[in-house]
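Please consult the sequence and the structure shown below alongside the text.

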Amino acid sequence: VMDKESHHIYNLKRGDIASFEYLYNCWSGKLYNFVMRISQGDTYLAEEIVQSVFIKVWEGRDQVDADKSFGAYICTIAKNQLVNIYQHRMLEQLYQAKIKTSEPIENTTEKEVDYHLLEEYIGSLIEQLPPARKEIFVLSRRKLLTNKEIAAKLNLSENTVESQLTKAIAFLRTKIDRHYNISIPLLLFLFID
């Protein structure tokens, strides 16, 4: 027997607006709280992402799997969107800081190349972390797991996770500050792939 949520997901896939509204009413508040938690309480961002996620759900309704958790599905979309926003903000900041110290770049293609190089540079720094530290860092900043979740997943103490994250962040900060001679708000560069 299909439960109520699966029934509405099945109808959503067929384009039923009432089922879409039901799912929105059930989940939008929970999703808002989830985004608030992982975005350090950014209310504007949380509202934007909730709207954006449900637009994406409606547009891709035929792709929704009625047998899988709808909550996990929308949280994954939200996390990906948040990561993209943070990447964009961080690169924008790095780029602005960089052009202040050099000739203005008018050419869009050059700007895009510059972004790409910055992304590559930060990716290469993450690759330089010791394997265990890198794994913890990626779980924390890309998968957005809490220290407690990482500790449980890797069978470590929360203190160990925290200490490894602190070391990883210190390493990245030192390298980036030296390379670009600027100080970047910590949160913004931690979401780079």
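The model is predicted. The protein chain contains nine helices and zero strands, and 38% of its 193 residues are buried. The mean pLDDT of the chain is 80.

**Overall architecture**

- Along the sequence, the elements of the protein chain follow the pattern α-α-α-α-α-α-α-α-α.
- Among the contacts in the protein chain with a separation of 6 or more, 61% are between residues 24 or more positions apart.

**Confidence of the model**

- In the protein chain, 77% of the residues reach a pLDDT of 70 or more.
- Confidence is highest in helix 3, at a mean of 93, and lowest in helix 9 (residues 186-189), at a mean of 44.
- The pLDDT is below 50 over residues 182-193, a stretch that has 42 contacts in the model beyond near neighbours in sequence.

**Helix 2 and helix 3**

- Two packed helices are described by the angle between their axes and the distance between the axes.
- For helix 2 (residues 17-38) and helix 3 (residues 43-59), the axes cross at roughly 145 degrees and come within 9 Å.
- This crossing of helix 2 and helix 3 is right-handed.
- Helix 2 contributes Ile17, Phe20, Leu23, Tyr24, Trp27, Ser28, Leu31, Tyr32, Val35 and Met36 to the contact.
- Helix 3 contributes Thr43, Ala46, Glu47, Ile49, Val50, Gln51, Val53, Phe54, Val57 and Trp58.
- By class, the residues of the contact between helix 2 and helix 3 comprise 16 nonpolar, three polar and one charged.

**Helix 6 and helix 7**

- Helix 6 (residues 131-141) packs with helix 7 (residues 147-154) at an angle of about 135 degrees, and their axes are 10 Å apart.
- The two helices are therefore oblique to each other.
- The crossing in which helix 6 passes helix 7 is right-handed.
- On the side of helix 6, the contact involves Glu135, Ile136, Leu139 and Ser140, which meet Ile150, Lys153 and Leu154 of helix 7.
- The contact of helix 6 with helix 7 is made up of four nonpolar, one polar and two charged residues.

- Asparagine 11 is located in helix 1 (residues 4-13).
- With a relative accessibility of 13%, asparagine 11 counts as buried, because the value is under 20%.
- Not counting residues up to four places away in sequence, asparagine 11 touches Asp16 and Ser19.
- Serine 39 is found in the loop between helix 2 and helix 3.
- The relative accessible area of serine 39 is 3%, and the residue is therefore buried.
- Serine 39 contacts Leu45, Leu82 and Tyr86, leaving aside its neighbours within four places in sequence.
- The C-alpha atom of serine 39 is separated by 9.6 Å from that of lysine 79, although these residues are 40 residues apart along the chain.
- Glutamine 81 belongs to helix 4 (residues 70-100).
- Glutamine 81 has a relative accessible area of 16% and so is buried.
- The residues touched by glutamine 81, not counting those up to four places away in sequence, are Ile49, Ser52, Val53 and Lys56.

**Residues with greater accessibility categories**

- Tyrosine 22 lies in helix 2, and its relative accessible area of 23% makes this residue partly exposed.
- Leaving aside neighbours within four places in sequence, tyrosine 22 is in contact with Lys4 and His8.
- Tyrosine 22 and leucine 12 are 10 residues apart along the chain, and their C-alpha atoms are separated by 9.6 Å.
- Asparagine 155 occupies the loop between helix 7 and helix 8 (158-180).
- At a relative accessibility of 72%, asparagine 155 counts as exposed, because the value is over 50%.
- The phi angle of asparagine 155 is positive, at about 60 degrees, although the residue is not a glycine.

Key:
Residues are numbered from 1 along each chain as its sequence is written. This is a predicted model: local features need pLDDT of at least 70, side-chain atom pairs count only at pLDDT 80 or more; totals for chains, interfaces and linings use all residues. Side-chain values use heavy atoms; hydrogens and water are left out. Axes are lines fitted to C-alpha atoms, for helices over the stretch in contact, and angles run from 0 to 180 degrees between N-to-C directions. Helices (H or I, at least four residues) and strands (E, at least two) are DSSP runs, numbered from the N terminus. Angles under 35 degrees count as roughly parallel, over 145 as roughly antiparallel, 65 to 115 as roughly perpendicular and the rest as oblique. A crossing is left-handed if the near helix is turned anticlockwise from the far one by less than a right angle, and right-handed if clockwise. Contact means heavy atoms within 4.5 Å. Ala, Val, Leu, Ile, Met, Phe, Trp, Tyr, Cys and Pro count as nonpolar, Asp, Glu, Lys and Arg as charged, and the others, Gly among them, as polar. Buried means under 20% relative accessible area, exposed over 50%, partly exposed in between (1.4 Å probe, protein chains only). pLDDT is the predictor's confidence in each residue, from 0 to 100.
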